[in-house]
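Biologist: Please take me through this model one feature at a time, giving the general idea before each case.

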Amino acid sequence: AQDLEVLVRHGDGALAVLAVRALAKLGQVGAGMLWDALGHSDTEVVKAALAALTSAEGTADGAALAVSLLGHPRWDVRAAAARVLGDLGRPECLPALQQALTVERDALARMALVDAVAQLSGR
C-alpha cells in the first residue's frame, strides 16, 4: 500500500488513477492519500479519488473533501463531487449542495446536484 500511495502523486495521471483504484480495492483509502489525489493536476485522478471516497474510513472526512470540490473549475469534477455526496448519504452536506446549485451553470453538473439534493432530502 505504501508503494501505491507514492504512485498517487505520480505525474503520469494514468498511473495515479490506477494507484487510487488499487488502494480503494485494498481498503487502504486514507485522508492523506485522498488529499494528494484530490489535488492532482489530472482531473481523472481527482474523479478516481472522489469515487474512492465511498470506501474511505470516516465518511465525514470524505464528505468534507467532496464538499471542497463543489466549486472546482471543471464541471465533471463538480458533478462527480455531487454524486459522491448524494451516495454518502450525509444530510449535513445538503446546505453545501443547495448553495452550489444556486451558482452552477453547467447542465450536467446541475443535474448531478439536483439528484444529490433529492437523495439527501428524501425526495
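**Reading contacts, core and surface**

Biologist: With which side chain does the side chain of Thr43 make a polar contact?

Modeller: A polar contact is a pair of N or O atoms within 3.5 Å, where, within protein, one atom must be able to donate a hydrogen and the other to accept it, and residues adjacent in sequence count only if both atoms are side-chain atoms. In this case the side chain of Thr43 pairs with that of Arg74, at 3.4 Å. Before we go on, note that this is a predicted model, in which local features need pLDDT of at least 70 and side-chain atom pairs count only at pLDDT 80 or more, while totals for chains, interfaces and linings use all residues. Residues are numbered from 1 along each chain as its sequence is written, and side-chain values use heavy atoms, with hydrogens and water left out.

Biologist: Where is the place of Thr43, and is Thr43 buried or exposed?

Modeller: Helices (H or I, at least four residues) and strands (E, at least two) are DSSP runs numbered from the N terminus, and Thr43 belongs to helix H4, which spans residues 43-52. As for accessibility, buried means under 20% relative accessible area, exposed means over 50%, and partly exposed lies in between (1.4 Å probe, protein chains only). Thr43 has a relative accessible area of 14%, so it is classed as buried. If contact means heavy atoms within 4.5 Å, then Thr43 touches His72, Arg74, Asp76 and Val77, leaving out residues up to four places away in sequence.

Biologist: How many salt bridges does the count come to?

Modeller: The rule asks for a side-chain nitrogen of Lys or Arg within 4 Å of a carboxyl oxygen of Asp or Glu, and the count by this rule is 6 salt bridges. One of them joins Lys47 and Glu44 at 3.0 Å, N to O; these two residues stand 3 residues apart in helix H4, and therefore about one helical turn separates them. Both partners are partly exposed, Lys47 at 22% relative accessibility and Glu44 at 42%. Lys47 also meets Asp76 in a salt bridge of 2.9 Å, N to O. Because Asp76 lies in helix H6 and Lys47 in helix H4, this pair ties together parts that are 29 residues apart in sequence. Asp76 counts as buried, at 8% relative accessibility.

Biologist: Which residue meets Arg90 in a salt bridge?

Modeller: Glu92 does, with a distance of 2.6 Å, N to O. Glu92 is partly exposed at 48% relative accessibility, and Arg90 is partly exposed as well, at 23%.

Biologist: What does Arg110 touch?

Modeller: Arg110, found in helix H8 and partly exposed at 32% relative accessibility, touches Leu101 and Glu104 once residues up to four places away in sequence are set aside. A polar atom of the Arg110 side chain lies 2.7 Å from the backbone oxygen of Leu101. The side chain of Glu104 makes a polar contact of 2.6 Å with the side chain of Arg78, and it reaches the backbone nitrogen of Asp106 at 3.0 Å.

Biologist: How many residues does the largest nonpolar core have?

Modeller: In soluble globular proteins, nonpolar side chains tend to be buried together. A nonpolar core is a set of buried Ala, Val, Leu, Ile, Met, Phe, Trp, Tyr and Cys residues joined through side-chain atoms within 4.5 Å. Here the largest has 42 residues, and those with the most contacts inside it are Val20, Met33, Leu34, Leu50, Leu70 and Leu97. Elements giving two or more residues to this core include helix H2 (13-26), helix H3 (31-38) and helix H7 (94-103), while H6 gives the most, with 8 residues.

Biologist: Which residues form a nonpolar patch on the surface?

Modeller: Patches are made of residues with over 30% relative accessible area and no salt bridge, like charges being joined within 9 Å and nonpolar side chains (Val, Leu, Ile, Met, Phe, Trp, Tyr) within 5 Å. Accessible areas come from the Shrake-Rupley method with a 1.4 Å probe, and for residues only the protein chains shown count as cover. The nonpolar patch consists of Trp75, Leu108 and Met111, with about 310 Å² of accessible area together. Met111 lies in helix H8, residues 107-121, and is partly exposed, with a relative accessible area of 48%.
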